[in-house]
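Morning, everyone. Please bring up the model on your screens, and I'll walk you through it.

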Amino acid sequence: MSLEQELLERSDATCELCGNTENLSLYEFQDFPGEASEASFIICSVCKEQLEEPEKVIPNHWRCLNDSMWSTVPAVQLTAYQMLTRLKSEGWPQDLLDMMYMEDELRAFAKSQMISEENRSVEVQHKDCNGAIIESGDTVVLTKDLNVKGSSLTAKRGTPVRRISLVHDNPEQIEGKVDGQQIVILTKFVKKV
Ligand SMILES: [Zn+2]
């Protein structure tokens, strides 16, 4: 029996989130700790679309989670948790979240998933003077003499700065060591090598 058939049997051929019986498919979480049948569930096209395209979400549709958040299927709990968290400004989802039960392990996984989602959406790219993307650990050279704030040090043009790190919330700044001193450098004054 295929996974999909197995899950259709489990769900009685209904969407495991909202109970819809039409346009069903299999929804699978990647990297999920556990069995394939725990990591997947049957979903209808309405739920799926709203899950994958946040701008199409109709909050009231998700009142179905009132029931389905009590599912014993981890992937359904996870989805309920994520959806309720996304919608919590509506008020009622927060109430459901407060009541919801999840194993610690699953809750930790849910949180890690949400964090990576957030990181993706606010990802900032650091670029050098030529527009090349700079990553943590790269080596750059200075394209101009820089006076280091708070010291008499001048970092000369052409000085290599090895193993730089990125200033996380500011795409215009990186950090690196010049003459043994950790300094903040503007990305527009460096060139990746
Ligand atoms: Zn559904």
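**The zinc site**

Start at the metal. Cys15, Cys18, Cys44 and Cys47 coordinate the zinc ion through their SG atoms, at 2.3 Å. A donor here is an N, O or S atom within 2.8 Å of the metal (3.2 Å for Na, K and Ca); water is not among the atoms, so sites may look incomplete.

Before I go on, this is a predicted model: local features need pLDDT of at least 70, side-chain atom pairs count only at pLDDT 80 or more, and totals for chains, interfaces and linings use all residues. Residues are numbered from 1 along each chain as its sequence is written, and side-chain values use heavy atoms, with hydrogens and water left out.

Along the chain, the donors of the zinc ion are spaced as C-x2-C-x25-C-x2-C. What arrangement do the 4 donor atoms around the zinc ion make? It is tetrahedral, because the angles they subtend run from 105 to 114°. The rule for four donors is that all angles lie between 85 and 135 degrees; four count as square planar, and six as octahedral, if opposite donors are over 155 degrees apart and all others between 65 and 115; anything else is irregular.

Now accessibility. Buried means under 20% relative accessible area, exposed means over 50%, and partly exposed is in between (1.4 Å probe, protein chains only). Cys15 has 2% relative accessibility, so it counts as buried. Cys18 has 26%, so it is partly exposed.

How many disulfides are there? The count is 0. A disulfide would be a pair of cysteine sulfur atoms within 2.5 Å.

**Domains and cores**

Step back to the whole chain. The protein is divided into domain 1 (3-120) and domain 2 (126-192). Those bounds come from an automatic or database domain assignment. Taken over C-alpha atoms, the centres of domain 1 and domain 2 are 44 Å apart.

Next, the nonpolar cores. Such a core is a set of buried Ala, Val, Leu, Ile, Met, Phe, Trp, Tyr and Cys residues joined through side-chain atoms within 4.5 Å. The largest nonpolar core has 33 residues. Leu17, Phe41, Ile43, Trp62, Leu65 and Leu84 have the most contacts inside it. Which elements each supply at least two residues of this core? They are β2 (40-44), α3 (45-52), α5 (74-86), α6 (92-99) and α7 (104-121). Helices (H or I, at least four residues) and strands (E, at least two) are DSSP runs, numbered from the N terminus. The most comes from α5, with 7 residues. Another core, of 14 residues, lies apart from this one; Ile134, Leu142, Ile185 and Val190 are among them.

Pick out Phe41. Contact means heavy atoms within 4.5 Å. Leaving aside neighbours within four places in sequence, Phe41 is in contact with residues including Leu7, Leu17, Leu26, Tyr27, Phe29 and Val76.

Glu38 sits in helix α2 (residues 36-39). Its relative accessibility is 31%, so Glu38 counts as partly exposed. Beyond its neighbours within four places in sequence, Glu38 is in contact with Phe32, Pro33, Val73, Pro74 and Ala75.

Pro74 comes up again with Gly34. Gly34 lies in the loop between β1 and α2, and Gly34 is exposed, with a relative accessible area of 51%. Gly34 and Pro74 are 40 residues apart along the chain, yet 8.9 Å separate their C-alpha atoms.

Lys111 is partly exposed at 44% relative accessibility. From Lys111 to Gln82 is 29 residues along the chain and 8.5 Å between C-alpha atoms.

**Two positive phi values**

Last stop, the backbone. Most residues other than glycine have a negative phi. Asp12 has a positive phi of about 65°, although it is not a glycine. Asp12 is in the loop between α1 (3-11) and β1 (24-28). Is Asp12 buried or exposed? At 66% relative accessibility, Asp12 is exposed.

Asp179 also has a positive phi, near 50°, and is a residue other than glycine. Find Asp179 in the loop between β10 (173-178) and β11 (181-186). Asp179 counts as exposed, with 66% relative accessibility.
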